[in-house]
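Work through these exercises with the model open beside you. Try each task before you read its solution.

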Amino acid sequence: MKKVWEVIKKILIWIGTIFVAIFTVFFVKEQRDKVVSTCSTTSDDNEEINAKAAAKREEAIERISNADARSICESYGSVCDTITEGKERFRRRCKRTDN
């Protein structure tokens, strides 16, 4: 009787393993389909996004072309420090040649 019970257990374990594998495959496929369906956009959405991006791009190009180069550079602190250091080095170099 023990051998019969062991054989039945082994058969049930194999059936359970196959059932879990099939369930896992279907579950993963269903989750993947949900992700794809929520992430996909229609062509109208893509056109709208592209139109907004083009408008922003044109606006940025216009702002950059109208801006003064010095004001853009001065907005970065390290640039101002570098310019000041360069002027100071130039002054020191000019003082050496005066002697």
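Helices (H or I, at least four residues) and strands (E, at least two) are DSSP runs, numbered from the N terminus. This is a predicted model, where local features need pLDDT of at least 70 and side-chain atom pairs count only at pLDDT 80 or more, while totals for chains, interfaces and linings use all residues. Residues are numbered from 1 along each chain as its sequence is written, and side-chain values use heavy atoms, with hydrogens and water left out.

**Exercise 1. State how many helices and strands the protein has, and give their pattern.**

Step 1. Count the elements: there are 4 helices and 0 strands.
Step 2. Read along the sequence: the pattern is α-α-α-α.

**Exercise 2. Find what share of the residues is buried, and describe the accessible surface.**

Step 1. Buried means under 20% relative accessible area, exposed means over 50%, and partly exposed lies in between (1.4 Å probe, protein chains only).
Step 2. Apply them: buried residues make up 0% of the 99 residues.
Step 3. Take the surface. Accessible areas come from the Shrake-Rupley method with a 1.4 Å probe; for residues, only the protein chains shown count as cover. The protein comes to about 9600 Å², and 63% of that belongs to carbon and sulfur atoms.

**Exercise 3. Classify the aromatic pair.**

Step 1. Recall that a pair of aromatic rings is described by the distance of the centres and the angle of the planes.
Step 2. Set the cut-offs. Rings of Phe, Tyr and Trp (its six-membered ring) pair if their centres lie within 6.5 Å; planes under 30 degrees apart count as stacked, over 60 as edge-to-face and the rest as tilted.
Step 3. Count: the structure holds 1 aromatic pair. The ring centres of Phe-23 and Phe-27 are 6.1 Å apart and their planes lie at 20°, so this pair is stacked.
Step 4. Check exposure. Phe-23 has a relative accessible area of 51%, so Phe-23 is exposed. Phe-27 has 43%, so Phe-27 counts as partly exposed.

**Exercise 4. Find the salt bridges and place their partners.**

Step 1. Apply the rule. A salt bridge is a side-chain nitrogen of Lys or Arg within 4 Å of a carboxyl oxygen of Asp or Glu. The count comes to 2 salt bridges.
Step 2. Take Lys-52 and Glu-48. Their side chains meet at 3.5 Å, N to O. Both residues lie in helix α2 (residues 43-66), 4 residues apart, about one turn of the helix. Lys-52 is exposed at 53%, and Glu-48 is partly exposed at 43%.
Step 3. Take Glu-88 and Arg-91. Their side chains meet at 3.9 Å, N to O. Glu-88 and Arg-91 are 3 residues apart in helix α4 (residues 77-98), so about one helical turn separates them. Glu-88 is partly exposed at 37%. Arg-91 is partly exposed too, at 47%.

**Exercise 5. Name the residues of the nonpolar surface patch.**

Step 1. Set the rule. Patches are made of residues with over 30% relative accessible area and no salt bridge: like charges are joined within 9 Å, nonpolar side chains (Val, Leu, Ile, Met, Phe, Trp, Tyr) within 5 Å.
Step 2. List the members: Val-4, Trp-5, Val-7, Ile-8, Ile-11, Leu-12 and Ile-15 make a patch of about 690 Å².
Step 3. Look at one member. Val-4 lies in helix α1 and counts as partly exposed at 47%.
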